Amino acid sequence: MRSRRDLGHFSDASLLVLSSLADGPKHGYAMIEDIDAFSGTHLEPGTLYGAIARLERKGWITPLPAEDRRRPYRITAEGAGYLREQVATMERIAHTGATRLRVAERS
Amino acid sequence: MWRVILRLYPRAWRARYGEEMAALLERQPVTLATHVDLVLGAVDAALHDLGREGAMEMAERLRGGVITVMCAFVLFGLGFGLLARLGDPAPLFAAAVARYAGIGVLFSVVRDAAGLGALTLVGAGLPILVLAVRRAVAAGDPRVLRLLSLAVACAVAIAGATGALALWHPSHGVTAVALTFGAVCALLLALGTVAVARLVGAADLRERELRLAAAPAAVVAFAMTGTVAATGALLALIVADAPGLLVSQDVGRGMFAAGLVLMGTASLVAIAGVRRGWRDDGQGPAARADAA
């Protein structure tokens, strides 16, 4: 499994960016709006582009030709694989947490 | 204020992300939190040397596209040169055109499409060359100037050899002279092409400038492909209606077949160059349009 450690403090922002790009290419502003809509997290531009630079460096997203000063990005196959792994881990954590909470409530 | 903070980011970062970040900041409300986030982002970018690879990789890919299309066109030119004798001797060709109008029409299409490709290549290539040389002069970089001198020397030598052959008209050993001339010209052409390719590779060209070559490169590849298609149709028509045109040459039909193969190969290389340089691994706008 690929580690989130090398994404440092940007791991959450990186996951949000990857999730945003999972349904198609987007430029920075569209990503901020989309992330705000699906997670309630407002990413500031400095954080967003820190995550974009790291994801691009790792080859998990790739830039597309700029459109009027705005450059869309798309998720790569490797990026999608990483996102899938992370989502599976989060689902296991959520499932375990929910199960244990139910047990605790019953006892 | 945020524009000042953007200047704190490393140069490579600004070259790669500065424009799109500015466009983003112009569209959204900028608060105190935004300013603090930008300062932290600038520190992070400087500490982790972010942005450098993205800028380099994209510029190199574009540069590779320019070089590939240019080299492909030289190969295409060689093939086209072999086909240029199709209209020679002129009276025989004129008679065939008078009898079969399709041959004349396709011959014009081949000539015009190849001409469009050549004009586009020169029109887009010259500004890039001039820019590269101006920057090399300003930076005192002798490599680019040496490569340019070599390319110009090759072009002058080819022109000189062609002129000398045209004036000479050898009466003996014509085949040996023609083969020697062809070999020398091919060597000079290869040397000149390598020099220009290395010049583009070594020149200080920005991503934005290389992106401007996208449309001309696509036009060149399109013109090359169109020429190949029209040439194939023309040769098929000649074989069917006027096969005498193919055997009336001093080299024979093998020369035309070789020309067509060279041009076809060059067109495929040019298309690959355009895809590699400007279509972003097949996921760019053109690719998405194809998929749609």
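In the predicted model, B:D204 touches B:R135 and B:A139 when residues up to four places away in sequence are not counted, two residues being in contact if their C-beta atoms, placed from the backbone, lie within 7 Å. B:D204 lies in the loop between helix 8 (174-202) and helix 9 (207-211) of chain B, where helices are DSSP runs of H or I of at least four residues, numbered from the N terminus. The C-alpha atoms of B:D204 and B:A136 are 7.4 Å apart in space, although these residues are 68 residues apart in sequence. B:D204 is partly exposed because 14 other C-beta atoms lie within 10 Å; a residue is buried with 20 or more such neighbours within 10 Å, exposed with 12 or fewer, and partly exposed in between, with C-beta atoms placed from the backbone.

B:A114, in helix 6 (residues 101-139) of chain B, is buried, with 25 other C-beta atoms within 10 Å. Leaving aside neighbours within four places in sequence, B:A114 is in contact with B:F80, B:A223 and B:T227, and its C-alpha atom is separated by 8.7 Å from that of B:V220, 106 residues away along the chain.

Between the chains, 26 residues of chain B are in contact with 20 residues of chain A. Helix 2 (11-27), helix 3 (32-48) and helix 4 (52-83) of chain B each supply at least two residues of the side that touches chain A, and helix 2 gives the most, with 8 residues.

Residues are numbered from 1 along each chain as its sequence is written, and chains are lettered from A and ligands numbered from 1 in the order in which they are written. Local features need pLDDT of at least 70 and side-chain atom pairs count only at pLDDT 80 or more, whereas totals for chains, interfaces and linings use all residues.
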